[in-house]
Amino acid sequence: MERTLSIIKPDGVRKNVIGEVIRRFEAAGIHIAAMKMLRLTKAEAQGFYAVHKERPFFDSLTDFMSSGPIVVMVMEGEEVIKKNRELMGATNFKDAAPGTIRRDFATDIEQNVVHGSDAPETAAFEISYFFNALEICS
Ligand code: CDP
Ligand code: MG
């Protein structure tokens, strides 16, 4: 059993697709083990995306991620990191496969509706950024 962190980004909340995104996760057999809505400060968004701090899109991305409420979730399941990334689709929605969340709801490469951890190590860091052990219901 694996865990991953999922975020419905500010554009996903504004687009009113919280329920639809979660529906897709549950329909794929993924278990939601923790969930909350919150709004990141700019500094908190910078901390979360620290791996990208040298990238040209870092400042814009962290402005965007702190622009409104987000929904953060711990998800569990077999190979859930990979399964979630498949449901999300490619970073750029123009490259995302039909039927993926980003293909269906993203409006540009930055405002792409969802975040998902990309490996077990990043999942562990990202889960601990938002949740403590007592908040996760296996
Ligand atoms: O989210 P994902 O793991 O698919 O992509 P990433 O390469 O880790 O980039 C993190 C986020 O930065 C993306 O989801 C986009 O919101 C944003 N991004 C961007 O605005 N412009 C790019 N050229 C690449 C990423
Ligand atoms: Mg990434």
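**A close look at the pocket**

Modeller: By class, the largest pocket is lined by 8 nonpolar, 7 polar and 6 charged residues. Here Ala, Val, Leu, Ile, Met, Phe, Trp, Tyr, Cys and Pro are nonpolar, Asp, Glu, Lys and Arg are charged, and the others, Gly among them, are polar. The model is predicted, so local features need pLDDT of at least 70 and side-chain atom pairs pLDDT 80 or more, while totals for chains, interfaces and linings use all residues; side-chain values use heavy atoms, without hydrogens or water. Residues are numbered from 1 along each chain as its sequence is written, while chains are lettered from A and ligands numbered from 1 in the order in which they are written.

What is a pocket? On a 1 Å grid over the protein atoms alone, it is an open set of points where a 1.4 Å probe fits, with protein on both sides within 12 Å along at least five of seven lines. Lining residues have an atom within 4 Å of a point.

The largest pocket has a volume of about 490 Å³, counted as the space filled by probe spheres on grid points joined across faces, edges and corners. It has 21 lining residues, and Y49, H52, F57, L61 and T91 are the closest to its centre. Three elements, α5 (80–88), β4 (114–116) and α7 (120–130), each give at least two lining residues. The largest share, 3 residues, comes from α7. Helices (H or I, at least four residues) and strands (E, at least two) are DSSP runs, numbered from the N terminus.

Now the ligand. Ligand 1 takes up the space of the largest pocket: more than half of its atoms lie within 2 Å of the grid points. Around ligand 1 are K9, Y49, H52, F57, L61, R85, T91, R102, I109, E110 and N112, each with a heavy atom within 4 Å. That shell has 4 nonpolar, 3 polar and 4 charged residues.

Next come polar contacts (N or O pairs within 3.5 Å). A polar side-chain atom of T91 is 2.5 Å from an oxygen of ligand 1. E110 uses a polar backbone atom, 2.8 Å from a ligand 1 oxygen. In H52, a side-chain N or O atom lies 2.9 Å from an oxygen of ligand 1. Alone, ligand 1 exposes 510 Å², and the protein buries 82% of that (Shrake-Rupley method, 1.4 Å probe).

Conventions. A polar contact is a pair of N or O atoms within 3.5 Å; within protein, one must be able to donate a hydrogen and the other to accept it, and residues adjacent in sequence count only if both atoms are side-chain atoms.
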